[in-house]
Amino acid sequence: MYIIQIIYFVKINLVLPALVIKIMPSKYFVSRILALFTLGNMCQCANILYLSTVPSPSHNIWDKTLAMGLAGRNHKITYFTHSPEKPTENFAPIFIEGMYERLAQKFDYKEWLDYSTITIIKEFFGFKNMTCAFDLESKALRTLLAQAKNGVKYDLIIIDQNAGHCLYPLIDMFGSPPVIDYKNITTKNVLSAINEVRNNEVYKKNAQAISRYYRDKPQDALETAIFWVEYVLRHGGAEHLSIAARDMPFYQLLLLDILAIVTLTLLLVIFLVKQVIKSVKRKQKVKKH
């Protein structure tokens with residue numbers, strides 16, 4: 001069982017997906033991991049389960065792009081998603097129905113504009129937990145569980161970890177493999193922002209410069225993502241890309257041993273300085289008498 005991180009970089013309203021490989025054994029479950037892969041047998045055309053667990057159209061854009069790119073390479077994709085999708089060759093969606101309606105009842109995202117950072121973090125965790133609870137009760141999940149019961153195996157499982165932490169048990173089951181304020185939005189404000197971007201050459205030049213920087217590479221983002229997914233499949237988990245931190249005890253990983261040594265050293269220095277000061281004071285008293 002292996003874990004691979006996928007990190008999505010956001011810069012100047014441009015979402016750039018990139019893969020950061022970080023292999024870990026199955027016993028290490030890290031809450032900050034954004035994407036989880038499990039690997040089965042090495043093969044050229046893999047059977048892949050893609051869990052697009054975040055009920056968000058924007059997340060579905062990049063998740064579906066990668067899924068369709070892999071399907072285009074003749075990998076068989078089962079796509080677990082909150083967004084309705086049409087099945088195509090090598091692409092079989094499993095629709096989690098009703099989540100967007102539930103979110104509309106529970107969350108008013110316009111209010112988040114007035115929230116503090118701490119409150120937004122709290123709301124986000126509530127969003128994640130509600131999504132997990134909904135997914136666990138869905139007919140779509142029962143469809144997946146039926147597959148596992150019938151012996152279906154996947155060579156690879158991809159989980160969008162922004163909201164899919166409660167679906168980790170599926171791993172073992174499948175064989176271990178510019179900004180406008182919403183409160184003040186008006187037609188005038190929107191048109192003003194659009195015209196500013198259209199007529200100001202600075203925006204165009206900056207966009208063209210960023211485009212040149214981003215495109216100056218041998219592969220586009222989708223080809224890079226597909227390459228690394230297939231690389232891990234070809235090399236049985238790519239254990240050679242693993243990091244030493246996966247085998248460290250927690251006190252070394254968190255540098256607690258170093259912190260303890262530094263703290264003890266400082267305490268020893270303070271103790272010795274106090275002893276020297278006391279010794280000097282005693283000698284001074286003896287000389288006076």
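Biologist: How does lysine 64 count by relative accessibility: buried, partly exposed or exposed?

Modeller: Buried means under 20% relative accessible area, exposed over 50%, and partly exposed in between (1.4 Å probe, protein chains only). Lysine 64 counts as partly exposed because its relative accessibility is 29%. This is a predicted model, in which local features need pLDDT of at least 70 and side-chain atom pairs count only at pLDDT 80 or more, while totals for chains, interfaces and linings use all residues. Residues are numbered from 1 along each chain as its sequence is written, and side-chain values use heavy atoms, with hydrogens and water left out.

Biologist: With which residue does lysine 64 form a salt bridge?

Modeller: Side chains of opposite charge can pair when their charged atoms come close. A salt bridge here is a side-chain nitrogen of Lys or Arg within 4 Å of a carboxyl oxygen of Asp or Glu. Lysine 64 pairs with glutamate 85, with 2.7 Å between the closest N and O atoms. The two lie 21 residues apart and link distant parts of the chain: lysine 64 is in helix α1 (residues 57-71), glutamate 85 in the loop between β5 (76-81) and β6 (91-95). Helices (H or I, at least four residues) and strands (E, at least two) are DSSP runs, numbered from the N terminus. Glutamate 85 has a relative accessible area of 18%, so it is buried.

Biologist: How many salt bridges does a search of the whole structure find?

Modeller: The search finds 2. Glutamate 230 and arginine 73 also meet in one, at 2.8 Å from N to O. Glutamate 230 counts as buried because its relative accessibility is 8%, whereas arginine 73, at 47%, is partly exposed.

Biologist: Which residues of α8 are buried?

Modeller: They are Ala221, Ala225, Ile226, Val229, Glu230, Tyr231, Val232 and Leu233.

Biologist: What span should helix α8 have?

Modeller: The expected span is 1.5 Å times one less than the number of residues. The 14 residues of α8 (residues 221-234) should therefore span 20 Å, and the end C-alpha atoms are 20 Å apart, which agrees. Just after α8, glycine 236 has a positive phi of about 60°.

Biologist: In which sense does β5 pair with β6?

Modeller: Two strands pair if DSSP finds at least two bridges between them. β5 and β6 are parallel, over 5 bridges, and threonine 78 has alanine 92 in β6 as its bridge partner. Strand β4 (residues 47-52) also runs parallel to β5, joined by 6 bridges. In β5, 5 of the 6 residues are buried.
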